[in-house]
Amino acid sequence: EKIVYINNDLEKIPTSIYHLKNIQRLVLRDNKISNLSENIKLLKKLKNLDLRDNFIKVIPLNIIELEDLRSLSIENNPVDKVNLKISHFKNLKILKI
């Protein structure tokens, strides 16, 4: 499954998304998202997460619980620092910051 919200002026990830357990690709670029919820860990089958061009300052540590994640794009966000070690991601192939 794939969900795409591009340039929708979203300020947060809709909570309904966290109930969709089979999402493999989530594209939320060009929005106004400033906070990435801890609930992101509920998307266990997520392989591709695209958060480019938002206002995210902090990437929650529990994102490493997304063991199937292969691609993470967070470029063009005012991320203060990334407290993640690449080695924590078992299957990550692409990281764009």
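N62 sits in the loop that joins β3 (48-50) to β4 (71-73). In this predicted model, N62 has a relative accessibility of 8% and therefore counts as buried. Beyond its neighbours within four places in sequence, N62 is in contact with E38, I40 and K41.

**Loop between β1 and β2**
- I17 belongs to the loop between β1 (2-4) and β2 (25-27).
- The relative accessibility of I17 is 2%, so I17 counts as buried; the cut-off for that class is under 20%.
- With neighbours within four places in sequence set aside, the contacts of I17 are I3, Y5, I23, L26 and L43.
- Among these partners of I17 are I3 and L26; residue 3 falls within the range of β1 (2-4), and residue 26 within that of β2 (25-27).
- I17 and N39 are separated by 22 residues in sequence, and their C-alpha atoms lie 9.7 Å apart in space.

**Loop between β4 and β5**
- D80 is located in the loop between β4 and β5 (94-96).
- D80 counts as exposed because its relative accessibility is 62%, where exposed requires over 50%.
- Between D80 and V58 the C-alpha to C-alpha distance is 6.5 Å, at a sequence separation of 22 residues.

**Secondary structure**
- The protein chain contains 0 helices and 5 strands.
- In sequence order, the elements give the pattern β-β-β-β-β.

**Overall dimensions and packing**
- The radius of gyration of the protein chain is 12 Å, which agrees with the value near 13 Å that a compact globule of 97 residues would have.
- The C-alpha trace extends over about 35 × 30 × 20 Å along its principal axes.
- Buried residues make up 36% of the 97 residues in the protein chain.
- Of the contacts with a separation of 6 or more, 23% are between residues 24 or more positions apart.

**Surface and charge**
- The protein chain has an accessible surface of about 5800 Å², and carbon and sulfur atoms contribute 46% of that area.
- Its side chains include 18 positive and 12 negative ones.

Methods
Residues numbered from 1 in each chain as written. Predicted model: local features only at pLDDT ≥ 70, side-chain atom pairs only at ≥ 80, totals over all residues. Heavy atoms only, no water. Helix = DSSP H or I, 4+ residues; strand = E, 2+ residues; numbered from the N terminus. Rg over C-alpha atoms; globule rule 2.2 N^0.38 Å. Buried < 20%, exposed > 50% of the residue type's maximum accessible area, 1.4 Å probe, protein only. Contact = heavy atoms within 4.5 Å. Areas by Shrake-Rupley, 256 points an atom, 1.4 Å probe, with all protein chains shown as cover. Lys, Arg positive; Asp, Glu negative; His and termini not counted. Charge placed at Lys NZ, Arg CZ, Asp CG, Glu CD.
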